[in-house]
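Subject: Structure for you to look at

Hello,

Here is the structure I said I would pass on. Please open it next to this email and follow along.

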Amino acid sequence: MFQSLPPHLVDFSSYRMPAEWEAHEATWLAWPKNLETWPEHMDEARRTYLDIIQALVEYESVSLIVENIADTETIQLALSKRGISESKIRFFNYPYNDSWMRDAGPLFVVSPSASDPILANDFIFNAWGDKYQPWNADDVLPQKISKDLDIPVVCHDLVLEGGSIDLNGRGTLITTEQCLLNSNRNPSLSKSEIEGVLKKFLGIQRVLWLGEGIEGDDTDGHVDDITRFVDDTRVLTVLENSKSDPNYEPLKENWNRLKAMGDQDGNRLEVVDIPMPDRFLEGPFGRSPASYANFYIANRCVLVPTYAAPNEASVLSIFKDLFPDREIIPIDCVGLVCGLGSIHCITQQQPAV
């Protein structure tokens, strides 16, 4: 039953945030509408959304946020022209500022033993350190979603975006110092205090800290552009092959850190390398943060962003080896990433309970 609760009234001891590869009830998306995000590539971004929806509905439900009924009808027509069935799509009409559901949406936690098997964490969203205004409508999306899902939502006073963390669902979380320790997020909190919040409310025992993210990433180094768990003990991490590229040293440093890291049980992580796109993507805001690490694991499939780069056949082969039981679906994200994000940035999974 929907309630908006402060953290001290909730016993989080049995809750955990599931890994992305665990079963989903649905994937949440917010239809692209902000012309300041895609000043030159809105049509391409919307085509990419339709590609993503078309891929997802073969495997799970899609919950699509659209601002009003008129826009809903326009999207329904576009879906119909593609032959996409609406039977697995739910439309939600909320006001919102932008489309980055990974960061503004709720972070769900589950418990098999609690009276409420699923809760939504509502962390503060401040548009990546007050970079873009307004963001007030996005900040309250977890409240609106939880009310419509009729599940409790827990309100926190920590600034946290979903793209800044990645976890294995067993007690280990990876993040970056550049983001979570940035003075534009939680300047009054120490590293250990931030770890304490993550451990308490996401069911984490161990936090692994990487350094910096990639050039062009306006989120201050989100980990979902550089390093991701692909199962309990393996991480996929990107490397830049060109020593003259600004990403070369930070990504190499992250790789060195990962090689020395262990999971919640102290077992050394297995690190799988993947290259950055060997094509420089320039967008309206400068270099776009194109990365193959920004993939999304859905039910029985993995959506992999592609950027018309020569090395993508070998990249897709790596994904097929990592996920032999899931269909690997490449999604052209050349236009989407010009808005400074890719597939993982726009999706948010709702776990099945």
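Phenylalanine 125 and tryptophan 128 are both buried. Their rings form an edge-to-face aromatic pair, with 5.1 Å from centre to centre and 90 degrees between the planes. Please keep in mind that this is a predicted model.

The count of aromatic pairs comes to eleven. Another of them joins tryptophan 31 and tyrosine 49: the ring centres are 5.9 Å apart and the planes stand at 75 degrees, so this pair is edge-to-face, since an angle over 60 degrees counts as such. Tryptophan 31 is in the loop between β2 (24–30) and α1 (42–56), while tyrosine 49 is in helix α1, so the pair ties together parts that are 18 residues apart in sequence. Tryptophan 31 has a relative accessible area of 9% and is buried. Tyrosine 49 is buried too, at 0% relative accessibility. There is also an aromatic cluster made up of Phe12, Tyr15 and Phe201.

Two lysines sit over aromatic rings. Lysine 33 lies over the face of tyrosine 96, 4.7 Å from the centre of the ring. Lysine 252 has its charged end over the ring of tryptophan 255, at 4.3 Å from the ring centre.

Next is helix α2, residues 69–81. Does its length agree with what a helix of 13 residues should span, or disagree? At 1.5 Å a residue, α2 should span 18 Å, and its end C-alpha atoms are 19 Å apart, which agrees.

Which residues of α2 are buried? They are Thr72, Ile75 and Leu79. Seen down the helix axis, these buried residues fall within an arc of 65 degrees, so they line one face of α2. An α-helix has 3.6 residues a turn, so residues three or four places apart point the same way. The cover over the buried residues of α2 includes α1, β3 (61–66) and β4 (89–93). On the other side of the helix, Glu73, Thr74, Ser80 and Lys81 are exposed.

Just after the helix, glycine 83 takes a positive phi of about 75 degrees.

Regards

Notes:
Residues numbered from 1 in each chain as written. Predicted model: local features only at pLDDT ≥ 70, side-chain atom pairs only at ≥ 80, totals over all residues. Heavy atoms only, no water. Phe/Tyr/Trp six-rings, centres within 6.5 Å; stacked < 30°, edge-to-face > 60°. Helix = DSSP H or I, 4+ residues; strand = E, 2+ residues; numbered from the N terminus. Buried < 20%, exposed > 50% of the residue type's maximum accessible area, 1.4 Å probe, protein only. Lys NZ or Arg CZ within 6 Å of the ring centre and 35° of its normal. Expected span 1.5 Å × (residues − 1). Arc of directions from axis to C-beta. Contact = heavy atoms within 4.5 Å.
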